[in-house]
Amino acid sequence: PSKKPLVIVTRRLPDVIETRMMELFDTKLNLDDKPLSQAQLVEAVKTAEILVPTVTDRIDAAVLSQAGPKLRLIASFGTGVDHIDIKTARQRGITVTNTPGVLTEDTADMTMALILAVPRRLTEGERLLRDGEWSGWGPTHMLGNRIWGKRLGIIGMGRIGTAVARRAKGFGLSIHYHNRRRVHPDLEAELEATYWDSLDQMLARMDIISINCPHTPATYHLLSARRLKLLQPQAYIVNTSRGEVMDENALTRMLDRGELAGAGLDVFEHEPAVNPKLLKMDNVILLPHMGSATIEGRIAMGEKVIINIKTFADGHTPPDRVLETMF
Ligand code: 8YV
């Protein structure tokens with residue numbers, strides 16, 4: 001048998017995954033679990049045959065220009081690939097894979113949790129109780145906005161967007177969506193979903209917006225200051241995709257002025273930094289990018305990484321190869 005490929009993993013992964021990777025490959029782990037600095041990342045691409053990065057590694061053209069001749073595969077641990085310059089990688093003959101599918105339902109659950117929690121003031125109520133400020137039930141205390149019967153506008157009707165729509169329908173929301181193209185008529189019928197070709201028109205009519213599209217050059221600041229202004233003042237916005245899809249400062253300004261009812265954010269433009277004004281707002285729920293953070297999901301992601309590496313090392317096209325033409 002041929003010699004085991006040198007695999008460099010940039011973050012700690014679940015134990016079972018690390019153990020299996022050590023058995024199968026010549027695996028180097030980052031026992032620190034601190035995100036690599038750009039210099040450490042360059043060091044890794046210089047020596048690895050296969051790199052396993054995560055969302056916290058920015059693998060841009062500058063990093064790739066320093067890649068050693070042995071680097072053949074970047075098997076990313078995650079679905080979003082906006083942290084990797086796919087085109088430059090391909091031009092340098094480096095294959096890129098991701099882990100789609102296995103985190104769809106978990107991310108949709110977290111999205112649904114925010115859709116429910118923000119209008120019903122879940123974390124605000126809990127903070128009040130923990131702070132000892134609950135003096136007893138009152139008919140006008142902690143009133144939120146009803147979720148049932150409202151219009152949900154989903155931006156990006158891919159795997160996650162569809163899984164959000166299925167859940168939301170069960171909660172009595174009507175489903176609206178904007179996507180580059182319409183989904184299959186059977187799916188539209190199942191969800192009783194309304195397609196909006198114009199994002200602007202959809203934004204102006206929704207009660208809750210959920211962002212579920214990937215971050216690509218075409219979706220950077222898709223929710224710009226201008227577009228956010230189209231939302232009704234009683235609208236809520238939830239983002240579990242990527243912070244870059246929305247202009248975070250413009251959103252913060254609008255929330256500050258009371259031009260939006262609230263927001264649920266699991267992702268930010270400059271993670272782990274968060275606009276400090278958001279931290280002071282009661283009508284905002286802020287989560288540390290935990291949409292897919294389940295034990296089961298992380299193991300499934302790791303298994304996908306292993307299958308991609310194994311298939312590639314055996315000389316075949318890995319199942320989750322990513323091409324820039326996919327976006
Ligand atoms: C992960 C994610 O937290 O897969 C993604 O795109 O954002 C999350 O599931 C992260 O990507 C792991 O690298």
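Which residue in β10 stands opposite Ile 208? I looked it up and found Tyr 236.

**Entry: ground rules.** I noted that this is a predicted model, in which local features need pLDDT of at least 70, side-chain atom pairs count only at pLDDT 80 or more, and totals for chains, interfaces and linings use all residues. Residues are numbered from 1 along each chain as its sequence is written.

**Entry: domains.** I found the protein chain divided into domain 1 (6-102 + 294-326) and domain 2 (104-286); such bounds come from an automatic or database domain assignment. The centres of the two domains, taken over C-alpha atoms, are 31 Å apart. I then looked up the contacts: 6 residues of domain 1 touch 7 residues of domain 2 (in contact means C-beta atoms, placed from the backbone, within 7 Å). On the domain 1 side, these residues divide into 1 nonpolar, 4 polar and 1 charged (Ala, Val, Leu, Ile, Met, Phe, Trp, Tyr, Cys and Pro count as nonpolar, Asp, Glu, Lys and Arg as charged, the others, Gly among them, as polar).

**Entry: the sheet of 5 strands.** I read the order of this open, parallel sheet as β2-β1-β3-β4-β5. Strands here are DSSP runs of E with at least two residues, numbered from the N terminus, and two of them pair if DSSP finds at least two bridges between them. β2 (26-28) and β5 (95-97) each have a single partner strand, so one side of each has no neighbour in the sheet. On average, neighbouring strands are turned by 20° against each other, direction ignored (axes are lines fitted to C-alpha atoms). I followed β1 (residues 6-9), which pairs with β2 in the parallel sense over 3 bridges. In this pair, Val 7 stands opposite Thr 27 of β2.

**Entry: the sheet of 7 strands.** This open sheet, also with parallel pairing, has the order β8-β7-β6-β9-β10-β11-β12. Its edge strands, β8 (194-195) and β12 (284-286), pair on one side only. β9 (residues 208-211) runs parallel to β10 (residues 236-239), joined by 4 bridges. I also checked β6 (residues 151-155), where 4 of 5 residues are buried (20 or more other C-beta atoms within 10 Å of the residue's own, all placed from the backbone). Parallel to β6 runs β7 (residues 174-178), with 5 bridges between them; one partner pair is Gly 153 and His 176.

**Entry: the ligand.** Around the ligand I listed Thr 54, Val 55, Phe 77, Gly 78, Thr 79, Gly 80, Leu 103, His 289 and Ser 292 (C-beta atom, placed from the backbone, within 6 Å). By class, this shell has 3 nonpolar, 6 polar and no charged residues.

Methods: Axes are lines fitted to C-alpha atoms, for helices over the stretch in contact, and angles run from 0 to 180 degrees between N-to-C directions. Two residues are in contact if their C-beta atoms, placed from the backbone, lie within 7 Å. A residue is buried if 20 or more other C-beta atoms lie within 10 Å of its own, exposed if 12 or fewer, and partly exposed in between; C-beta atoms are placed from the backbone.
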